[in-house]
Each structure stands twice: as structure tokens, then as C-alpha cells.
Amino acid sequence: RHLTPEHRAVLVLHYYAGLTIERIAEVLGIPPGTVASRLHHACRSFRAAFDADARATVEWRSTT
């Protein structure tokens, strides 16, 4: 829910569907460099959101 549709698309196509950057570029009709950039930023955003959720869970558990 924290990722843009463009970032979500490249993550799903790369990690779930197993497509290469070149194939994702063909499927989405964008340059391979754009796919690589979106994949990089999507991974950073995903990690940041995941870490934030994990910290919130730990903080919540420590207060109960």
C-alpha cells in the first residue's frame, strides 16, 4: 500500500513472475534503465515500509 503502482508492477514482475529487466521493459513499454531505476526505488521504499511496520509492532508489543 506504500508503493506506487509503477513500483509495485516492477517488483511483482521481477520477483514474483521472475522476469528480467529487459523483459519487464518490453512488457511495460518503457526503457530498461527506467525499469532498473523503478526496481531500485521500489526495493528501498518496500524495505523502509517493512522496517517501519516492524518497529511499530515491536513498540506496540513492548507497551502491552
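## The aromatic pair

A search of the whole structure, which is a predicted model, finds one aromatic pair. The partners are F46 and F50, whose rings are stacked, with 6.5 Å from centre to centre and 15° between the planes. These two values are given together because a pair of aromatic rings is described by the distance of the centres and the angle of the planes.

Both residues belong to helix 3, which covers residues 32–63, and because they are four residues apart there, F46 and F50 are separated by about one helical turn. F50, with a relative accessible area of 54%, is exposed.

## Overall architecture

The secondary structure of the protein consists of three helices and zero strands, and reading along the sequence gives the pattern α-α-α. Helix 1 spans residues 5–16, helix 2 spans residues 21–28, and helix 3 spans residues 32–63.

The protein has 64 residues, of which 20% count as buried. Its accessible surface comes to about 4800 Å², and carbon and sulfur atoms account for 59% of that area. When contacts between residues at least 6 apart in sequence are considered, 51% of them join residues at least 24 apart.

## The nonpolar core

Which residues make up the largest nonpolar core? This core has 11 residues, namely L3, V10, L11, L13, I24, A25, I30, V35, L39, A42 and C43. Helix 1, helix 2 and helix 3 are the elements that give two or more residues to this core, and the largest share, four residues, comes from helix 3. As a general background, in soluble globular proteins nonpolar side chains tend to be buried together.

L3, one of the core residues, touches R8, L11, A42, S45 and F46 when residues up to four places away in sequence are not counted.

T4 is found in the segment before helix 1, and its relative accessible area of 34% makes T4 partly exposed. The side chain of T4 reaches the backbone nitrogen of H7 at 3.1 Å. T4 and S45 are 41 residues apart in sequence, and their C-alpha atoms are 9.6 Å apart in space.

Leaving aside neighbours within four places in sequence, H7 is in contact with R38, H41 and A42.

How many salt bridges does the structure hold? The structure holds one salt bridge, in which the side chains of R23 and E26 meet with a distance of 3.0 Å from N to O. Because R23 and E26 are three residues apart in helix 2, they are separated by about one helical turn. R23 counts as partly exposed, at 40% relative accessibility, whereas E26, with a relative accessible area of 55%, is exposed.

V27 also lies in helix 2, and with a relative accessible area of 43% V27 is partly exposed. Not counting residues up to four places away in sequence, V27 touches L13 and L19.

Technical notes. Residues are numbered from 1 along each chain as its sequence is written. This is a predicted model: local features need pLDDT of at least 70, side-chain atom pairs count only at pLDDT 80 or more; totals for chains, interfaces and linings use all residues. Side-chain values use heavy atoms; hydrogens and water are left out. Contact means heavy atoms within 4.5 Å. Buried means under 20% relative accessible area, exposed over 50%, partly exposed in between (1.4 Å probe, protein chains only). Accessible areas come from the Shrake-Rupley method with a 1.4 Å probe; for residues, only the protein chains shown count as cover. Rings of Phe, Tyr and Trp (its six-membered ring) pair if their centres lie within 6.5 Å; planes under 30 degrees apart count as stacked, over 60 as edge-to-face and the rest as tilted. A polar contact is a pair of N or O atoms within 3.5 Å; within protein, one must be able to donate a hydrogen and the other to accept it, and residues adjacent in sequence count only if both atoms are side-chain atoms. A salt bridge is a side-chain nitrogen of Lys or Arg within 4 Å of a carboxyl oxygen of Asp or Glu. A nonpolar core is a set of buried Ala, Val, Leu, Ile, Met, Phe, Trp, Tyr and Cys residues joined through side-chain atoms within 4.5 Å.
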